[in-house]
Amino acid sequence: MIYPTRMAILLAAAGAPFALLVAVFLPGSWYAGLAWPGAVLLLTALDALLGLRPGQGNATLELPKSASVGATIDATIRVMFTGSSAPGRVEVAVGNDPLLVPAVDDRLLLAIVGKAGLAPLPLTAIRRGTARLDTLWLRWKGGFRLVWKQRRIAQTAAMRILPDVRPVRERGAQIFQRHALQGLIAQIDRGDGAEFESLVEFHSGMDRRAIDWKQSARHQKLHAKEFRTERNNQIVFAVDAGRQMSEPVAGLPRVDRAVAAMLLTAWVALKLGDRVALHAFDSRPRIASGLISGAGGFSELQRLAAGIDYSEDETNYTFALTTLAQRLTRRSMIVLFTEFTDLTSAEFMVRAAARLVEKHLLMVVVLRDEELEALTGARPRTPADVTRAVTAAALLRDRLLVLTRLRHLGVHIVESEYDRVGDRLVSGYIDLKRRNLL
């Protein structure tokens, strides 16, 4: 495709006053006024004919095989020319994909050295799925800079966008080591558990309730029972994938924030010997996995989490949580990731939670609504600001009421900022395990 540049259009338009003056002052030679636009048209035609043709330029796009949602990756663009010469600079644009957005601009200026050029194009993955970029546009200006020579090139670049496991890689070992240094994991592993392990001689500082009086009388010395934590506890992560969880928080959907925190906590739980399962739902259950054990099962959990879709359905807490309770045959810890904005849906969640806490340990994880908090804390300048602040305060009050009702039922609440929810959830899990509540 060849079409004029802005310079060519402006030069042609600049000839209009000249043609008007000739027509006014030399009406008999009015046709002389067409000399200017005719010259511009001739130069534009020569610029289109000279130099490289659009078909002599080619470009390819390379994407990584996979990336984490929320990550910024570099797509590699290669440009090649055939012929005796090549332009010094070209513009490259890629087709749109709802899963990827350009980090800076959707057009890339690329310098050509010799007859080829190479440059990275930063792209940000905003949703999970398979991103496909099937079109690439390449264009450059002619020698007179009066025409664009453009080519549309078909591509087959594809990339899988997976749940964010960067917190596991970057902070998983640090979090595990931090709790170990603080003595929590060592304390969990020995001394604060429920399974009898051995009989040891009683020392000062040990819990007197652990003294075995019969064995002490037999050995004529005080002996105490030493316990260890019961392993193979069941941790079920229930992820709400309904409409409210599909809304973005700081550029990423809430469900992706929840999945990242879930994977980090699941990795720690698997390292501590517990078993984990995934239950995703919206208007009905969508994913119901079996129990996974061992650190080697983390990849299977990651694969299941990648299948959690974005839904526009309203969440049905009663159906989903009742189905989950029927599948559980022993006491389990259920971690529910959810979001609610109205008291009607929250009422169904509270009723379902009341039935769960009768047999299971329930923890509800919600993200703080920083947008509403900012509206209530901002200084109003117009009547509309006052209305927004009052509405936001009412929504926050309803939210606090629901969370308070859940706490009264015995539900453990984790309400955190979006960038700290993983650390808060792991700390809450470790604390419950240390207190032997699982």
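The model is predicted, so to speak of local features a pLDDT of at least 70 is needed and side-chain atom pairs count only at pLDDT 80 or more, while totals for chains, interfaces and linings use all residues. Residues are numbered from 1 along each chain as its sequence is written, and side-chain values use heavy atoms, with hydrogens and water left out.

Let's start with the sheet. Six strands make up an open, mixed sheet, in the order β17-β16-β13-β18-β19-β20. Helices (H or I, at least four residues) and strands (E, at least two) are DSSP runs, numbered from the N terminus, and two strands count as paired if DSSP finds at least two bridges between them. At the edges sit β17 (285–288) and β20 (412–416), each of which pairs on one side only. On average, neighbouring strands of this sheet are turned by 20° against each other, direction ignored; for such angles, axes are lines fitted to C-alpha atoms, for helices over the stretch in contact, and the angles run from 0 to 180 degrees between N-to-C directions.

Now look at β13 (234–240). Seven of its seven residues are buried, where buried means under 20% relative accessible area, exposed means over 50%, and partly exposed lies in between (1.4 Å probe, protein chains only). Q234, V236, A238 and D240 point one way from β13, while I235, F237 and V239 point the other way. On one strand partner, β16, the pairing with β13 is parallel over seven bridges; V236 stands opposite A277, and F237 stands opposite L278. β13 also pairs with β18 in the parallel sense, over five bridges, and there I235 has M333 as its bridge partner.

Moving on to β16, six of its seven residues are buried. β16 and β17 run antiparallel and are joined by three bridges, with F281 opposite P285. The two strands form a hairpin with three residues between them.

Two helices are worth a visit. Helix α6 (residues 254–271) lies across β13, β16, β18 and β19, running at about 175° to β13. Helix α9 (residues 343–356) has 14 residues, and at 1.5 Å a residue it should span 20 Å; its end C-alpha atoms are 20 Å apart, which agrees. The expected span here is 1.5 Å times one less than the number of residues. D342 caps the N-terminal end of α9, with a side-chain oxygen 3.2 Å from the backbone nitrogen of T344. Among the buried residues of α9 are M349, V350 and L356, and the buried residues of this helix pack against α8 (317–327), β18, β19 and α11 (383–408).

S289 counts as buried because its relative accessibility is 8%. Its side chain reaches the backbone nitrogen of L278 at 2.8 Å, a polar contact being a pair of N or O atoms within 3.5 Å; within protein, one must be able to donate a hydrogen and the other to accept it, and residues adjacent in sequence count only if both atoms are side-chain atoms. Leaving aside neighbours within four places in sequence, S289 is in contact (heavy atoms within 4.5 Å) with A277, L278, L304 and R327. With neighbours left aside in that way, L278 is in contact with residues including F237, M262, I287 and A305.

Finally, visit G28, in the loop between α1 (6–25) and α2 (35–49). G28 counts as exposed because its relative accessibility is 61%. G28 and A305 are 277 residues apart in sequence and 81 Å apart in space, C-alpha to C-alpha.
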